[in-house]
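Welcome! Please look over the sequence and the structure before you start.

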Amino acid sequence: MGIIKEFIHDYRTMKHVASFNKALENGEFKPFDDDFYHQFDGKYFNGLPVRYYLQQMNMGKCYDASAILALALGNDDNYVVRGELAERSKLQDDHFGHGWVETEDGKVLDTTWQIIADKDAYYRVFGVKGEGKRTAKQFFEDCKGMSDWTIHDKEYYENNYVPLMYPMILGAYSLLKMNVEKSKNEKERSYYAGLLSELPDIEKVPSIPDIEME
C-alpha cells in the first residue's frame, strides 16, 4: 500500500507541475518581474519594505503577504481571497488553505508562487474551491483592530515610535546581514544587500517612546 500511495503521489505531482509549466509557457501565468516589484518602491508596512514581505514571506505566510499586497496596490475594489487549492491538497493529503489577491480585470496575484495569472487558468490548475472573497475595502475594515493597515515611507519609521517595530526591523536587519555574509553568488548577495539598504536606519528608529517630563 505504501508503494501504491507513493506512486499516486508522484503521478499527481508530475501532473500538477506539468499543468503549471504549461500555463507559464502559454502566457496564462506570468512571474512577478522587476517592474512588478518597482511599483512598491518607497512603500513600507509595519516598518519593513513591502517588497520584503512579498519576497521573504512568500512561502507559508500567504494570508499575511496577500493582504499586504492588496493594501500596497491601493485599489479598494480588488479582492482579498481565501480558499482551498484542491490540487495541492491531494499532494499533501490534507486541506491546503491559501490566500491570494484578485483584481477587477480578472487577474490572480499569488505571492506564494510569485505569479500574475488569468483567473480561469489559476482556478483550473490549482483546483480552487470553497473560495471566499471580500473587496480590499471590506477586508481592511473588518481587520482594522489588528493593525492600522497604512502604508508609510521609510522616514516615518525613523521619526515616529511605533509599538513593536524596533524588534521587527532589528530582526530583519540581522537576518539580511547574515544572508549577505553567507550568500554563495554575487546575484544573491546583491539582492540581500539591496533589501538591507532599504530598511529604516536602525540607529534612528525609536525603540521607546519619548516621555515628556512634567
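## Exercise 1: the second largest pocket

About 210 Å³ of space lies in the second largest pocket. A pocket is, on a 1 Å grid over the protein atoms alone, an open set of points where a 1.4 Å probe fits, with protein on both sides within 12 Å along at least five of seven lines. Its volume is the space filled by probe spheres set on the points, which are joined across faces, edges and corners.

Before going on, a note on the model: it is predicted, so local features need pLDDT of at least 70 and side-chain atom pairs count only at pLDDT 80 or more, while totals for chains, interfaces and linings use all residues. Residues are numbered from 1 along each chain as its sequence is written, and side-chain values use heavy atoms, with hydrogens and water left out.

**Task.** Find which residues line the second largest pocket, and which helix gives the largest share of the lining.

**Solution.** 
- Step 1. Lining residues have an atom within 4 Å of a point. Here they are Asp34, Tyr37, His38, Asp41, Arg51, Gln55, Tyr191 and Glu198.
- Step 2. Sort them by class: the lining has 2 nonpolar, 2 polar and 4 charged residues. Ala, Val, Leu, Ile, Met, Phe, Trp, Tyr, Cys and Pro count as nonpolar, Asp, Glu, Lys and Arg as charged, and the others, Gly among them, as polar.
- Step 3. Turn to the helices, which are DSSP runs of H or I with at least four residues, numbered from the N terminus. α2, α3 and α10 each supply at least two lining residues, and the largest share, 3 residues, comes from α2.

## Exercise 2: one residue of that lining

**Task.** Which residues does Gln55 touch, leaving out those up to four places away in sequence?

**Solution.** 
- Step 1. Locate Gln55 in helix α3.
- Step 2. Look for contacts, meaning heavy atoms within 4.5 Å. Gln55 touches Tyr37, Gln114 and Tyr191.
- Step 3. Check for a polar contact (a pair of N or O atoms within 3.5 Å; within protein, one must be able to donate a hydrogen and the other to accept it, and residues adjacent in sequence count only if both atoms are side-chain atoms). One of 3.2 Å joins the side chains of Gln55 and Tyr191.

## Exercise 3: the nonpolar core

**Task.** How many residues make up the largest nonpolar core?

**Solution.** 
- Step 1. Such a core is a set of buried Ala, Val, Leu, Ile, Met, Phe, Trp, Tyr and Cys residues joined through side-chain atoms within 4.5 Å. Buried means under 20% relative accessible area, with a 1.4 Å probe and protein chains only.
- Step 2. The largest core has 34 residues, and Phe36, Leu54 and Leu69 are among those with the most contacts inside it. The largest share, 6 residues, comes from α4.
- Step 3. Follow Phe36: not counting residues up to four places away in sequence, Phe36 touches Leu54, Leu69 and Ile116.

Technical notes. Buried means under 20% relative accessible area, exposed over 50%, partly exposed in between (1.4 Å probe, protein chains only).
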